Amino acid sequence: PPGSNVLGTKIVFKTKELPSGKQKYKCRCTAKGYAQRYGIDFDSTFAPTASFTSIRLFIALVVLFGLVLTQLDVKTAFLYAKLLHKVF
């Protein structure tokens with residue numbers, strides 16, 4: 001949209017020490033969300049995270065109602081949601 005901001009990205013590198021003494025190198029690409037302006041670049045925020053309590057409640061309901069839980073992929077569940085607006 002006119003007047004909106006294009007977000008830049010930053011690559012973050014991290015070294016993780018494993019119990020065996022070896023090092024594991026990780027890298028991820030993050031958006032510079034701090035450059036956004038409310039009302040221009042976004043209207044609301046959404047954090048697709050699941051708390052441990054929510055996961056326990058979900059599993060308890062599965063057991064209570066005798067349902068079958070075949071897969072619980074919380075890490076990428078939000079990737080398959082239908083978006084109601086355009087993402088820039």
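**View 1. Read along the sequence, this protein follows the pattern β-β-α.** There are two strands and one helix here (DSSP runs numbered from the N terminus: H or I of at least four residues for helices, E of at least two for strands). This is a predicted model, in which local features need pLDDT of at least 70 and side-chain atom pairs count only at pLDDT 80 or more, while totals for chains, interfaces and linings use all residues. Residues are numbered from 1 along each chain as its sequence is written, and side-chain values use heavy atoms, with hydrogens and water left out. Of the 88 residues in the protein, 1% are buried; buried means under 20% relative accessible area, exposed over 50%, and partly exposed in between (1.4 Å probe, protein chains only).

**View 2. Strands β1 and β2 form a hairpin.** Here you can follow β1 (residues 9–17) and β2 (residues 23–31) as they run antiparallel, joined by nine bridges. Two strands pair if DSSP finds at least two bridges between them. Five residues lie between the strands, and G21 in the turn has a positive phi of about 100°.

View 3. A disulfide is a pair of cysteine sulfur atoms within 2.5 Å. The cysteine sulfur closest to that of C27 belongs to C29, 7.8 Å away, so the two are too far apart for a bond. Are these side chains buried or exposed? C27 is exposed, because its relative accessible area is 53%. C29 counts as exposed too, at 56% relative accessibility.

**View 4. Helix α1 covers residues 52–64.** How far apart should the ends of its 13 residues be? The expected span is 1.5 Å times one less than the number of residues. For α1 this gives 18 Å, and the end C-alpha atoms are 18 Å apart, so the two agree. Just after the helix, look for G66, which takes a positive phi of about 65°.

**View 5. A nonpolar patch on the surface is formed by L57, L61, L64, F65 and L67.** Together, the five residues have about 550 Å² of accessible area (Shrake-Rupley method, 1.4 Å probe; for residues, only the protein chains shown count as cover). One of them, L61, lies in helix α1. L61 counts as partly exposed because its relative accessibility is 36%.

How values were computed:
Patches are made of residues with over 30% relative accessible area and no salt bridge: like charges are joined within 9 Å, nonpolar side chains (Val, Leu, Ile, Met, Phe, Trp, Tyr) within 5 Å. A salt bridge is a side-chain nitrogen of Lys or Arg within 4 Å of a carboxyl oxygen of Asp or Glu.
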